[in-house]
Structures are given as structure tokens and as C-alpha cells.
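Me: I'd like to learn how to read a structure like the one below. Can we go through it feature by feature?

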Amino acid sequence: MNANLVKAGVAALWTYGGRGVGLLWTVALIAQLGIADYGHYAMAFALAAIIAAPLDHPFGVRSLRVDEHCYLGERTTRVVLGVGLIGLGLCLIEVNFIAWFALVVAGGEVTFNAYKSRALRDGHPNITQRMDTVRQAASIVLGGIYLFAASTPTLLVAGLLYVAPYLVVAVASGMQIKSA
């Protein structure tokens, strides 16, 4: 069997695992906070996708095609852009849940995609999908423990715990671009 097909199959399995964990998170949010808070979370997540996709997609496409020097420069730009979005979102925590959460998730995804781009560029989609699933599981475990352990959980604290792994990603991405 072709090694690339095996890698693609493993990547798909990691993707399905991440989707399954995401479904558990949806059930936990609705069960512990109610449909209204889940609606705010869903709107913020949708806005994050609207923000991140057009900013990150050109970099993602180019990262596989450009020479190493250009790739390293663009990866640095992605990290700076992502961290900037995270910072802007953190400034809005007390203003609006949808705004801050969307910006932090969008920035986190842009930063994380920059971090994962080396493995993808080197032909390892299975590694990138594993990283995605591990990050999502970490977010959901942190938020889920809070949702079920707190006597009166709030969307704000659950959201903060959900995005905490993106801060680890931001630090790791900064170290990655510094060492390049």
C-alpha cells in the first residue's frame, strides 16, 4: 500500500476523532449552560472562521509552493498576525463575548496553522491532523472539567479555558520562528 495513502487515511481518522470530541463539547455546553449560551458560542465560532479563513488561506496555499526562505518569512508573518488577533481579542474580553472569542480563536487558528505548516510542507498531514485533534481535546477537557465541576458555570470562564491551549500554541510558534 502507498505510504501517502496510509498517511491520508490516518489524517482522516484524526479528523473524525476531532469532530467527535467537538460534538461532545456541544452536548456539554448545551447541557450545562443552555441553548442561549451555546448560541453565543456558535456565533462566535462562526465569526472566527469568517475572520481566519481569508487571512490564513493564501499563506496555507503558498506554504507548500514557495522556496524555503519565502516560506520562513511568511510563516513568521502568520504568527505575528495570529498573535495580534489573539491580543486584540483579549482586549475585548469585558466588552463582548462573541467579539473576543472570535478574535482569539481566529488568531489561535492562524498561529496554529503557521506552526503546523512545517509538518504539512514536509508531507505529513497525519501529524497536522493529530495536532489539531490534540489541541481541540485539550480545549474541551479544560472547558469540560470546569463545566461539570463548577456549581454555576459561565460561558465566559468556559470560553477562556477553551482558548487556553492557543496561548501554548502562540508560545510554541514564537519559539519555532525564533529558531528558524
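Reply: A cavity is a set of grid points where a 1.4 Å probe fits but cannot get out. Keep in mind that this is a predicted model. Here the largest cavity has a volume of about 40 Å³.

Me: How many cavities of 30 Å³ or more does a search of the whole structure find?

Reply: The search turns up one cavity of that size.

Me: Which residues line the largest cavity?

Reply: The lining is made of Phe59, Ser63, Tyr71, Glu74, Arg75, Arg78 and Ser117. Two elements, H2 and helix H3 (68-91), each give two or more residues to this lining. H3 gives the most, with four residues. Sorted by class, you get two nonpolar, two polar and three charged residues.

Me: And how is a pocket read?

Reply: A pocket, unlike a cavity, is an open set of points, with protein on both sides. In this model the largest pocket holds about 810 Å³ of space. Its lining counts 38 residues, and the closest to the pocket centre are Arg19, Glu109, Asn113, Lys116 and Asp132.

Me: Which elements give two or more residues to the lining of the largest pocket?

Reply: Those are H1, helix H2 (35-63), helix H4 (97-121), helix H5 (125-149) and helix H6 (155-179). The largest share comes from H2, with 13 residues. As for classes, the pocket lining has 18 nonpolar, 13 polar and seven charged residues.

Me: Let's move on to salt bridges. What's the general idea?

Reply: Side chains of opposite charge can pair when their charged atoms come close. The cut-off to remember is a side-chain nitrogen of Lys or Arg within 4 Å of a carboxyl oxygen of Asp or Glu. This structure holds seven salt bridges.

Me: What does Glu109 pair with?

Reply: Glu109 forms a salt bridge with Arg135, and their closest N and O atoms are 3.7 Å apart. Glu109 sits in helix H4 and Arg135 in helix H5, so this pair ties together parts that are 26 residues apart in sequence.

Me: Is Arg135 buried or exposed?

Reply: For this you need the cut-offs: buried means under 20% relative accessible area, exposed means over 50%, and partly exposed is in between. Arg135 has 9%, so it is buried.

Me: Which residues are linked in a network of salt bridges?

Reply: Glu68, Arg118, Arg121 and Asp122 are linked that way. Within this group, Glu68 pairs with Arg121, the closest N and O atoms being 3.2 Å apart. Glu68 belongs to helix H3 and Arg121 to helix H4, so the pair joins parts 53 residues apart in sequence. Arg118 pairs with Asp122, with 3.4 Å between the closest N and O atoms.

Key. Residues are numbered from 1 along each chain as its sequence is written. This is a predicted model: local features need pLDDT of at least 70, side-chain atom pairs count only at pLDDT 80 or more; totals for chains, interfaces and linings use all residues. Side-chain values use heavy atoms; hydrogens and water are left out. On a 1 Å grid over the protein atoms alone, a cavity is a set of points where a 1.4 Å probe fits but cannot get out, and a pocket is an open set with protein on both sides within 12 Å along at least five of seven lines; lining residues have an atom within 4 Å of a point. Grid points are joined across faces, edges and corners, and a volume is the space filled by probe spheres set on the points. Ala, Val, Leu, Ile, Met, Phe, Trp, Tyr, Cys and Pro count as nonpolar, Asp, Glu, Lys and Arg as charged, and the others, Gly among them, as polar. Buried means under 20% relative accessible area, exposed over 50%, partly exposed in between (1.4 Å probe, protein chains only).
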